[in-house]
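I opened my notebook to look up one fold.

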Amino acid sequence: MEKQIYFDHAATTPLCKEALEKMLPYFTEVYGNANSQHAFGREAVKAVDDARDTIAKIIGAKPNEVYFTSGGTEADNWALRGILKANEKKGKHFIISPIEHAAMLSTAKDLQKEGYVCDFMKVDADGFVDLEHLKTIIRKDTVLVGCMLANNEVGTIEPIKEIAKIAHENGAYCFTDAVQALGVLDIDVKELGVDLMSMSSHKIYGPKGIGALYVKNGVKITNLVFGGHQERTKRGGTTNVPATVGFAEALRIANEEREQNFKYVSSLRDRFIKRVLAEVPFVKLNGPSDLTKRLPANADFSFRFIEGESILFSLDLAGIAVSSGSACSSGSLEPSHVLLSLGLPEGLAHGSIRFTFGKHNTMEEVDYAVEEIKKAVERLRKMSPLFKEVQGEVKNV
Amino acid sequence: MYNEKIMDAFSNPKNVGEIENADGCGTVGNEKCGDIMQITLKIENDIIVDAKFKTFGCAAAIATSSTATDMIKGMTIEQALKVTNKQVIEVLGGLPAQKIHCSVLAEEAIKKAIEDYLAKKNA
């Protein structure tokens, strides 16, 4: 296998060299504990403060509204649990979308066991939240409405501004998980009107193991991680100084290159989608068909009559890295909850593959992948008992 | 996740297809669960002279289908009925825990195809 092509940027991205360079001194030279009062500590805390300032400025927040976490998952856990626990006087009810990341869904499930009440907003076949439905299920005791800014699987960009408006009109907080959207869309927390927003570094060419939660000043939230006085006593644990530095640098670059990357990555994705729909029969594009309403890097297809994991490994053997929403790939018995929420039948959900492009990918790679997909799909369909060769016209579902 | 034997059986599966006018046919699993396995047999004097499969499923499902059909070729139906999923796993050099059910499907498909043959024979 000569070629190695990475089309799984929604899973993670390579660390950019600029971020790495900037991080390196903080492993061996500036190694102080950012909580120490001596010179070593002061130098470390200076780096963390600078990182916080950079991130805050880019998302339109104040530095004291940005709290570092171990990543997007912790930020999601913290936002949901912390808000509900701190605002029990108002109620125990919260609303989220059914296509949230597992970090949200699992936390919601756990909270339900503890007596909190969760309702789900409806989503349509493209994954867009039904705002009218939200208006009918929001209650006086609703504490929080949470929805991702953009979906990780099908790339749908949600109407967060409108969701926040509805939440606030009903006296509830609005949370958004911006893990997939950060550095890709132009995000301003004030403009969006959200009270909380989770972020992750490794999706934007930053290091793994670091993320942040934006908490608007004045919002009541309890701790998730208890410990020392780090993060203004809101999140215990020794600060991962090099990671905060890398995260901020990665976001700075992502923001600087945002428009050009958006344009370039969309061009790869658009050509890819166009070719797959034209050249592979019996394939369905999952998520918005209006490509301007989905993340620029995202393409998600269901290939009928075959199963996603076998497509994933066929492409892997051809040197192409992708991910699948099939049950076999997730390690669970159920296929992707996102695709099922969009109304896909199980068979199509099992046959789904997500392609997410990045700034280092090329058009040649896209074209090579299309050829390999055609081969893999044809080979697997020949093996499938569901595929009776269809004579004549080639149809897309 | 998968060893080389499994990946090889997945990339170069044997016995892919459907025997026309098969003496026995067994289909197990369903689309909802993400696995469907169909095994067709050609049987002469109670000996399996040919076996083919068609599978909708993951790499492990395809690999176990290929291996299982290969194992039963040349066996008497009595011998083939005794083939267990564990034997299929052994030939493949082990399966990840969450893929054991694929080998169970293969065992079931063989049994169902032979039962179909016996039912037709005794009809």
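Predicted model: local features only at pLDDT ≥ 70, side-chain atom pairs only at ≥ 80, totals over all residues.

**Whole chain.** I counted elements to begin with: chain A has 15 helices and 13 strands.

**Extent.** I looked up the span of the C-alpha trace. Along its principal axes it covers about 75 × 50 × 35 Å.

**Burial and contacts.** I noted that 51% of the 397 residues in chain A are buried. I also looked at contacts between residues at least 6 apart in sequence. Of these, 73% join residues at least 24 apart.

**One strand.** I picked strand β7 of chain A, residues 196-200. Why is β7(A) called largely enclosed by the rest of the structure? I found that five of its five residues are buried, and a residue counts as buried with 20 or more other C-beta atoms within 10 Å of its own.

**Its two faces.** In a regular strand, side chains alternate between the two faces of the sheet. I checked β7(A) for this. L196(A), S198(A) and S200(A) point one way. M197(A) and M199(A) point the other way.

**Its partners.** Which way does β7(A) run against β6(A), parallel or antiparallel? I found a parallel pairing over three bridges with strand β6, residues 173-177. There, F175(A) stands opposite L196(A). Next I looked at strand β8, residues 211-215, which runs antiparallel to β7(A) and is joined to it by five bridges. M197(A) stands opposite Y214(A) in β8(A).

Definitions and conventions
Residues numbered from 1 in each chain as written. Chains lettered and ligands numbered in written order. Buried ≥ 20, exposed ≤ 12 C-beta atoms within 10 Å, placed from the backbone. Helix = DSSP H or I, 4+ residues; strand = E, 2+ residues; numbered from the N terminus. Pairing = 2+ DSSP bridges. Contact = placed C-beta atoms within 7 Å.
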